[in-house]
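Visitor: Hi, I've just opened this structure and could use a hand. Could you walk me through it?

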Amino acid sequence: MHLLTCEKQYDPTKNPWKSKNVYKEWESVHHFEFSQSSIFNNRLESNFDNKDIDLVYGGFYRGGARRDQMIEYFFDTPYSARFFGGIKLDQFKFDQVPNKIPEFDPKKGGWSHFQEQTNRALATVIFGEKSYQDNIVTMRVYYSVLSGTVVFVDDSYDSAHKLFGDDMFYVKSKSDIENRIAAIKKMDKEQYQKLLDYQYSK
């Protein structure tokens, strides 16, 4: 059997069926960016004058695989933040709840819903567990770019800055996002659109 994977650095010894005696080894392993299929979705207008939140992130808690990044970028922040989808406060199991918690919108939906909700924010942020870092470009990246919202990327996710190049779009802490959002809020609609067009061109 042949394997088609979006992982650039896939370890062929990681065969989830090997222990089940389905077959012993892959005949071949091929890399393919299937996540790029999302580029055929509609690109939303920025809706610049009606943004109602600074930072947004949609999806699921994923067993806490991204908990540290979620806490860093969305709790105790000087900017407004929101989760939407399947992420719930009680999943974080805080010993002591942070002083400032983000908004939680429980409504779930497909990628169109993802784009609509992301479009309501000035920015969103991309991050991933260790196996994703410098390895996989997820559909989230493409759909976020199509959402009419500035996309920040956690530096560990794309340490070589291959996605967008410009350091402005890369962050390591909530203070980085705070500074970038403050800069965005000083922009007019045309300046904001230039950021979106730049990221879309990549």
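Guide: Happy to! Let's begin with strand β3: 7 of its 8 residues are buried, so the rest of the structure largely encloses it. Buried means under 20% relative accessible area, exposed means over 50%, and partly exposed is in between (1.4 Å probe, protein chains only). Helices (H or I, at least four residues) and strands (E, at least two) are DSSP runs, numbered from the N terminus.

Visitor: Before we go on, what kind of model is this?

Guide: This is a predicted model, where local features need pLDDT of at least 70 and side-chain atom pairs count only at pLDDT 80 or more, while totals for chains, interfaces and linings use all residues. Residues are numbered from 1 along each chain as its sequence is written, and side-chain values use heavy atoms, with hydrogens and water left out.

Visitor: Thanks. In what sense do β3 and β4 pair, and over how many bridges?

Guide: They are parallel, with 6 bridges; strands count as paired if DSSP finds at least two bridges between them. Phe60, for instance, has Gly86 in β4 as its bridge partner. β3 also pairs with β6, again in the parallel sense, over 3 bridges.

Visitor: Nice. And which residues touch the most other members of the largest nonpolar core?

Guide: That core has 41 residues, and the ones touching the most other members are Leu55, Tyr73, Phe74, Val125, Val150, Phe152 and Ile177. A nonpolar core is a set of buried Ala, Val, Leu, Ile, Met, Phe, Trp, Tyr and Cys residues joined through side-chain atoms within 4.5 Å.

Visitor: What does Ile177 touch?

Guide: Leaving out residues up to four places away in sequence, Ile177 touches Leu55, Tyr73, Tyr79, Val125, Phe152 and Val171. Contact here means heavy atoms within 4.5 Å. Apart from that core lies another one of 6 residues, including Phe84 and Phe114.

Visitor: Switching to helices: which residues of α2 are buried?

Guide: His113, Phe114, Gln115, Gln117 and Thr118 are buried in α2. These buried residues pack against β3, β4 (81-86), β5 (103-105), β6 and α3.

Visitor: Tell me about Thr118. What does its side chain reach?

Guide: The Thr118 side chain reaches the backbone oxygen of Phe114 at 2.7 Å. Thr118 has 1% relative accessibility, so it counts as buried. Not counting residues up to four places away in sequence, it touches Val56, Phe84, Thr124, Ser147 and Thr149.

Visitor: How about charges? How many salt bridges are there?

Guide: The structure holds 8 salt bridges, each being a side-chain nitrogen of Lys or Arg within 4 Å of a carboxyl oxygen of Asp or Glu. One of them joins Asp197 and Arg43, at 2.8 Å from N to O. Asp197 sits in helix α5 (residues 189-201) and Arg43 in the loop between β2 (28-31) and β3 (53-60), so the pair ties together parts 154 residues apart in sequence.

Visitor: Which parts of the chain does the Glu129 and Arg66 pair link?

Guide: Glu129 and Arg66 form a salt bridge whose closest N and O atoms are 2.6 Å apart. Glu129 is in the loop between β6 (121-126) and α3 (139-145), and Arg66 in the loop between β3 and α1 (67-74), 63 residues apart. Both Glu129 and Arg66 are buried.

Visitor: Which residues are linked in a network of salt bridges?

Guide: Asp52, Arg82, Glu103 and Arg120 form such a network.

Terms used. Polar contact = N/O pair within 3.5 Å; in protein donor to acceptor, adjacent residues only side chain to side chain.
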